[in-house]
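Please open the structure in the viewer and keep the selection tool at hand.

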Amino acid sequence: MFAGTHTAIITPFRNGRLDEDALKKVIDYQFDGGVQGVVPCGTTGESPTLDYDEHDRVIQLTVGITRGRGLVIAGTGSNSTREAIEMTQEAEAAGANASLQVAPYYNKPTQEGLFRHFRDIAKNTSLPIMLYSIPGRCGIEIGIETVVRLAEECPNIRAIKEAGGNADRVSVLKQLLPENFEILSGDDSLTLPFMSVGGKGIVSVAGNLIPKEMSTMVQHALKGEWAEAQAIHAKFNPLFSMFLKLATNPIPIKTAMALKGLCDAELRLPMCEMSDAQVAELKATMVKLGIL
């Protein structure tokens, strides 16, 4: 279901409000670039700064704009199980195709708590669920044994977005999980390493800016055309590295999208703009790569 490239889309703002026209432009740009799906209201979409009405609105708009051209994998995770269930049910009612469920952040539950959290969400929706393990943001990893338990007990938990930077973990997960349980990279620079040991694609940040290139790279890898995939990776890896180096996601990607003319660079506190020197460095890289 999830093989391919799915872009974790930015949430465009203008004058402190959701910019619906820019959101349409961003989403159309993704599907024109050949991605298999979009992920609204994830980390890249500044979900912690969206109020409940905005969160619902972004998902509703994304479903309407997508018009069946690909998957809408709604970011509806929370560190409150009840809240995650409510947001997931609202996304299901809006017509989303699946849900991305991040590990509960800040409160750092035990692995048993994680298991019960995701199990209860899965029981309260018919949507396919993609788990999201990102210990650098959440302070906790969804343990391998926990993922296996969830896959065994919850038929609609179908995939995991891996953003822990560990290809060995992907290898172990691939060995222990059912064949139809899909593993996707959560880091653009690790897409090919993860796919080489059994991953099926990427939930991409860079895809906001270069959807065609990311989609083409992943499709080559899925077909076993590694030389072609590696050539694309080699060309754009400096951009992946720059997104990590300059500032916390989504600051660099939203700035790059603004430079490309796809939205304003407006962020919501506590996220703030990069320095002029950082913007100049990013722009120079984009020019060098032929993006500008």
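**A tour of salt bridges and a helix pair**

Begin by selecting arginine 169, which is buried, with a relative accessibility of 5%. The model in view is a predicted one. Which residue meets the side chain of arginine 169 in a salt bridge? The partner is glutamate 162, and the N to O distance is 2.7 Å.

In general, side chains of opposite charge can pair when their charged atoms come close. The structure contains 14 salt bridges, and the next stops show others.

Select arginine 69 and aspartate 28. These two residues form a salt bridge in which the closest N and O atoms are 2.7 Å apart. Where in the chain do arginine 69 and aspartate 28 lie? Arginine 69 belongs to the loop between α2 (52-66) and β5 (71-75), whereas aspartate 28 is in helix α1 (residues 20-32). The pair thus links distant parts of the chain, 41 residues apart. Is aspartate 28 buried or exposed? Aspartate 28 counts as buried at 15% relative accessibility, while arginine 69 is partly exposed at 32%.

Next, select glutamate 179 and lysine 174. Their side chains meet in a salt bridge with an N to O distance of 3.8 Å. Glutamate 179 is exposed, because its relative accessible area of 64% is over 50%. Lysine 174, at 24% relative accessibility, counts as partly exposed.

Select residues 211-222, which make up helix α9, together with residues 226-246, which make up helix α10. At what angle do α9 and α10 pack? The angle is about 145°, and the axes of the helices are 8 Å apart. The crossing of α9 past α10 is left-handed.

Show the side chains where the two helices meet. On the α9 side, the contact is made by Glu213, Met214, Thr216, Met217, His220 and Ala221. On the α10 side, the residues are Trp226, Glu228, Ala229, Ile232, His233, Phe236 and Phe240. How many residues of this contact are nonpolar, polar and charged? Eight are nonpolar, three are polar and two are charged. Colouring the selection by residue class will display this division in the viewer.

Conventions. Residues numbered from 1 in each chain as written. Predicted model: local features only at pLDDT ≥ 70, side-chain atom pairs only at ≥ 80, totals over all residues. Heavy atoms only, no water. Axes fitted to C-alpha atoms, helices over the stretch in contact; angles between N-to-C directions. Helix = DSSP H or I, 4+ residues; strand = E, 2+ residues; numbered from the N terminus. Left-handed = near helix turned anticlockwise from the far one by under 90°. Contact = heavy atoms within 4.5 Å. Nonpolar A, V, L, I, M, F, W, Y, C, P; charged D, E, K, R; others polar. Salt bridge = Lys/Arg side-chain N within 4 Å of Asp/Glu carboxyl O. Buried < 20%, exposed > 50% of the residue type's maximum accessible area, 1.4 Å probe, protein only.
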